[in-house]
Amino acid sequence: MKNLVSRQVSKNVFIVYVYVLSSFCILLNPVIDGLKYLDEAIVLFLALCATRRLSLVLCREARIVFLVLCGYLLYSLIIESNIFQAILLDFILFLKPFICFYVVYSYDTQMPLSFKKKLCRLYKYIGVILWCILPFINDVYANTTSYYVGCISCAISYIFFSQRTKSDWIIAILMLVPGLASLRSKFMAELCCIVYIFIFLKNRIRLNVKYAIILAMLIAVSIYVNYTKFSAYFITGYDDGYARTIFYVKSFDLYKEYFPFGTGLGSFGTEAAAKYYSPFYHKLGMDCFYGLTPDDYGTYTDFLHDTFYPVLAEFGCLGLFFYFLFWRRLCNKANMLDFQAYKIFVSIFFIISIENIASNSFTDARSVEYMMLLGMLLKEANNETVRT
């Protein structure tokens, strides 16, 4: 019986190695230019794994997501939202996070306790390295955003593989602290939420007055520590010509004009819409703003794919409903987890939610790690750790 369990563990643990590789992609990609396509290689590998997983093919939820995206692919081709290459690229980019989640979720990634301890030590070493390079982050990273993203990756990975004792939560927070040196407003907001979840959250979040007040307080604190950016994006941003604010404002116009299916793939706010300059930017008069011209793509002034939530205008009100339904389904699965695992889920949910305000993290390299981790985490509802 023990040998049978060991074979089961060794058979599926390769997914964990793929996850570790994805976290190294987050840490090293900004430093080693040759790794910039590693996340695409990981997704391709997972897609190949999907062709061998009957349980994934039979998963009703995964089939629905795939059919919805295929429906939007067909819709986009019919209305000619952009050229074929842009539509296809956008289709692939939106498949990426769902492939990462559902393929990993279809595996029973049971791990021996000894293996988890080795991974914890690995991420501890990475945390020490992140502290050591703290005085030199401006020399190591061209954009300090990459530094705090690495801190989050290290902390979340460590706490996932740990025994989740009180000291483990404290160690994870210490791994996050260096990220403050990046001086990024998003990270400050994320850190406020993570510290609350790690230390002060005592029960599962419910839709009641208590948690409404707590959420309001967290939002208030986040706005207070980031008021300059908040004001620039959501108060004076449109008059000042801020690209992200312009995307938010114009997205509401598109929801109304292209109700209920949206503008289609490759048309608004994505990498594909930027690379194959979307005709909607000319139509909406966005091509005259700083950072949003055709010549800005690929330069340091490129703000053409710099935020996520406006991108949902491509899918219209119906797509917006599907997006929230997806996360609602994940939240329902999370309620089946033990409380310590539940806290990790909530942390990742807030990280993704905040990141998407001012970056396109749901479809970039970060989504590979986050969605794989969510797949392994939510699978814990059906798994028990194998102790060997």
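The following questions and answers concern a predicted model of one protein chain.

Me: How many helices and strands does the secondary structure of the protein chain come to?
Reply: The chain has 388 residues, and 53% of them count as buried. Of the contacts with a separation of 6 or more, 75% are between residues 24 or more positions apart. The secondary structure comes to 20 helices and zero strands.

Me: Which element has the lowest mean pLDDT, and which the highest?
Reply: The chain averages a pLDDT of 84, and 86% of the residues score at least 70. Over residues 1–10 the pLDDT is below 50, and this stretch has seven contacts beyond near neighbours in sequence. Where pLDDT is low, the predicted coordinates should not be read in detail. The lowest mean, 47, belongs to helix 1 (residues 2–12), and the highest, 94, to helix 10.

Me: On how wide an arc do the buried residues of helix 10 lie, and what covers them?
Reply: The buried residues in helix 10 are Asp-168, Trp-169, Ala-172, Ile-173, Met-175 and Leu-176. They lie on the same side of helix 10, because the arc they cover around the axis is only 155 degrees. An α-helix has 3.6 residues a turn, so residues three or four places apart point the same way. The cover over these buried residues includes helix 7 (113–132), helix 9 (145–161), helix 11 and helix 19 (339–355).

Me: Is Val-177 buried, partly exposed or exposed?
Reply: Val-177 sits in the loop between helix 10 (166–176) and helix 11 (185–200). With Trp-131, Ile-170, Leu-174 and Leu-180, Val-177 forms a nonpolar surface patch of about 410 Å² accessible area together. Its relative accessible area is 30%, so Val-177 is partly exposed.

Me: Glu-80 and Arg-164 each have a positive phi; is each of them buried or exposed?
Reply: Most residues other than glycine have a negative phi. Phi is near 55 degrees for Glu-80, in the loop between helix 5 (60–79) and helix 6 (84–105), and near 60 degrees for Arg-164, in the loop between helix 9 and helix 10. A relative accessible area under 20% counts as buried and one over 50% as exposed. At 62%, Glu-80 is therefore exposed, while Arg-164, at 9%, is buried.

Me: Which peptide bond is cis, and where is its proline?
Reply: Most peptide bonds are trans. The bond from Phe-259 to Pro-260 has omega near 0 degrees and is cis. Pro-260 is in the loop between helix 15 (243–257) and helix 16 (271–275).

Methods. Residues numbered from 1 in each chain as written. Predicted model: local features only at pLDDT ≥ 70, side-chain atom pairs only at ≥ 80, totals over all residues. Heavy atoms only, no water. Helix = DSSP H or I, 4+ residues; strand = E, 2+ residues; numbered from the N terminus. Buried < 20%, exposed > 50% of the residue type's maximum accessible area, 1.4 Å probe, protein only. Contact = heavy atoms within 4.5 Å. Patch = residues over 30% accessible without salt bridge, like charges linked within 9 Å, V, L, I, M, F, W, Y side chains within 5 Å. Areas by Shrake-Rupley, 256 points an atom, 1.4 Å probe, with all protein chains shown as cover. Salt bridge = Lys/Arg side-chain N within 4 Å of Asp/Glu carboxyl O. Arc of directions from axis to C-beta. pLDDT = per-residue confidence, 0-100.
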